[in-house]
Amino acid sequence: MTKQLLQTDLLVIGGGASGLAAAIAAKRICGDRFSVCIAEQNPRVGKKILVTGNGRCNLGNTSKDYAAYHGSLTAVLPEFLSQTLSSKEFFQTMGLYCREETDGRLYPHSNQASSVLDTLRLTTEAFGISVCCNCHITGIQQKQHTFFIQTSDGTIIAKAVIVATGGFAAPKTGSDGNAMKWLSVLGHHETNLSPALVAFQAEPKSLRTLKGIRISATVSALDAQENIIGKESGEVQFTENALSGICIMNLSARLSSENPTALSLNLLSHQTSSQTQAMLWELYSIRTQWRTEDWLTGLFQKKVGIQLLRSCKIPTDIPVYQVTPFQLERLSQMCHDWRFPVISRGNWQNAQVTAGGIPLEQLRKNSLESKWISGLFFSGEILDLHGECGGYNLNWAWCSGQYAGMEAVAYLKNTLERTV
Ligand SMILES: Cc1cc2nc3c(=O)[nH]c(=O)nc-3n(C[C@H](O)[C@H](O)[C@H](O)COP(=O)(O)OP(=O)(O)OC[C@H]3O[C@@H](n4cnc5c(N)ncnc54)[C@H](O)[C@@H]3O)c2cc1C
């Protein structure tokens, strides 16, 4: 017989962003009526929160742009958002003030992710929520309205459970998808998983001289037949083996079920290719005696200009007047269609979020409760919803956490009333 570790009314599995929000929301409603406990496998809660937003934590977004979210649960997202506090309001209730930056991005006023975690941790403590760290959940069973939750050290007994174990992205922070093994025994399966908010690896030879450079571009993702399967404008960042940056990461979030075979960068999307050609002829005549490596000075960063010339097979050490009309035309095309064949999508280790998860069809209508198991709820990245860059994923973590917490308390009240 396994040791009984503890008994609680509500067990939240996973002490990440959405698990902490779920526990706080539940306890805020139920007060002393029900006990709430968080089981976290790491030695401390909220490890991932500390690395978000480059240590600043882009904790939400004020925009109501539903197009920034993807996955089957987007169908019910407006409903959930309308019934929960916005990210800004949720943190204000805990005394954490936010600053709003461009495009509605919210950050803690301190600009430190640790203040977000401290606020959640200290609120949890003040509310009397128990936190069991180093507690790895390995299985779950329900018998007559009671859950028996297995850990490596014994069994936890609970009347309701919220699974907030995250997805597969950034497994070093604890979210390695292990929960899917024991959830599958209960009939829950994730769909269409892929790493999202991630870079695309490209041929290192083409990137060698560009490493570290950031440029603005409109990027088209192309399939093997050269059809455009996604398009996004913004900052592109070159690394030694990949194209990254917000623009590329957002493309990866949109193209969760397909991988492009190439990325095409339009560096001058504000003008047509014939305007670009005319501009290059003008530069040709003004700078005709200059060396080609200086021809594009002021138009692009030096290394970008040189790489463009190399891609068009124009030597960089000849006078501009030696460039042929054919080469000039090619360069003008290249400014609008600079190709980078994609080798692969980045992996779970460097992805920020999981595309895919438990789909809408496995949940009750307008609810985060399991379709089959009463009293079992889900929140956060484990669900089939992911957002683009800009605070949308944490928006979802707080929103779904609050919603699952509210639903779990309503469930506890109902079951208790039935059994009294
Ligand atoms: C580098 C990086 C930067 C990011 N920056 C931003 C940003 O600025 N803005 C934004 O909106 N989003 C950002 N994100 C995404 C965002 O952090 C996640 O979407 C969000 O944290 C998901 O919350 P969650 O609670 O669902 O999962 P998680 O935060 O992953 O928490 C899940 C928790 O469950 C625990 N757990 C898992 N299995 C078990 C088990 N069997 N037993 C017990 N515990 C378990 C894990 O240890 C973990 O602590 C970023 C992600 C990364 C990786």
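Helix 8, which runs over residues 246-254, is mostly covered, with seven of its nine residues buried. Buried here means under 20% relative accessible area, exposed means over 50%, and partly exposed lies in between, with a 1.4 Å probe and protein chains only. The accessible areas themselves come from the Shrake-Rupley method with a 1.4 Å probe, and for residues only the protein chains shown count as cover. In helix 8 the buried residues are Cys-247, Ile-248, Met-249, Asn-250, Leu-251, Ser-252 and Ala-253.

The model is predicted: local features need pLDDT of at least 70 and side-chain atom pairs count only at pLDDT 80 or more, while totals for chains, interfaces and linings use all residues. Residues are numbered from 1 along each chain as its sequence is written, and side-chain values use heavy atoms, with hydrogens and water left out.

The protein as a whole has 13 helices and 20 strands. These are DSSP runs numbered from the N terminus, with helices (H or I) of at least four residues and strands (E) of at least two. Taken along the principal axes, the C-alpha atoms fill a box of roughly 90 × 40 × 35 Å. The protein contains 420 residues, of which 55% count as buried.

The C-alpha atom of Cys-335 is separated by 8.0 Å from that of Thr-276, although the two residues are 59 apart along the chain. Arg-330 is also found in helix 12, which spans residues 325-336. With a relative accessible area of 30%, Arg-330 is partly exposed.

Arg-330 gathers with Lys-205, Arg-208 and Lys-313 in a patch of positive charge on the surface. For such a patch, residues must have over 30% relative accessible area and no salt bridge; like charges are joined within 9 Å, and nonpolar side chains (Val, Leu, Ile, Met, Phe, Trp, Tyr) within 5 Å. Lys and Arg count as positive and Asp and Glu as negative, whereas His and the chain ends are not counted. The place of a charge is taken as NZ of Lys, CZ of Arg, CG of Asp or CD of Glu.

Salt bridges come next. Side chains of opposite charge can pair when their charged atoms come close. The rule used is a side-chain nitrogen of Lys or Arg within 4 Å of a carboxyl oxygen of Asp or Glu, and by it the count comes to eleven salt bridges. One of them joins the side chains of Arg-56 and Glu-101, at 2.5 Å from N to O. Arg-56 lies in the loop between helix 2 (47-51) and strand 3 (60-61) and Glu-101 in the loop between strand 5 and strand 6, so this pair ties together parts that are 45 residues apart in sequence. Both partners are partly exposed: Arg-56 has a relative accessible area of 25%, and Glu-101 has one of 29%.

Another salt bridge is formed by the side chains of Glu-293 and Arg-291, at 2.6 Å from N to O. Glu-293 counts as partly exposed at 25% relative accessibility, as does Arg-291 at 41%. Asp-294 and Lys-302 also meet through their side chains in a salt bridge, with an N to O distance of 2.6 Å. Here Asp-294 is partly exposed at 22% relative accessibility, and Lys-302 is partly exposed at 43%. Elsewhere, Glu-226, Asp-337 and Arg-339 are linked in a network of salt bridges.

Several loop residues complete the picture. The loop between strand 5 (98-100) and strand 6 (105-108) holds Asp-103. Phi of Asp-103 is near 60°, a positive value in a residue other than glycine. Asp-103 is exposed, at a relative accessible area of 61%. Asn-111, in the loop between strand 6 and helix 5 (113-126), has a positive phi of about 65° although it is not a glycine. Asn-111 is partly exposed, with a relative accessible area of 27%.

Thr-84 sits in the loop between helix 3 (77-82) and helix 4 (87-92). Thr-84 counts as buried because its relative accessibility is 10%. Its side chain reaches the backbone oxygen of Phe-80 at 2.8 Å. A polar contact is a pair of N or O atoms within 3.5 Å; within protein, one must be able to donate a hydrogen and the other to accept it, and residues adjacent in sequence count only if both atoms are side-chain atoms.
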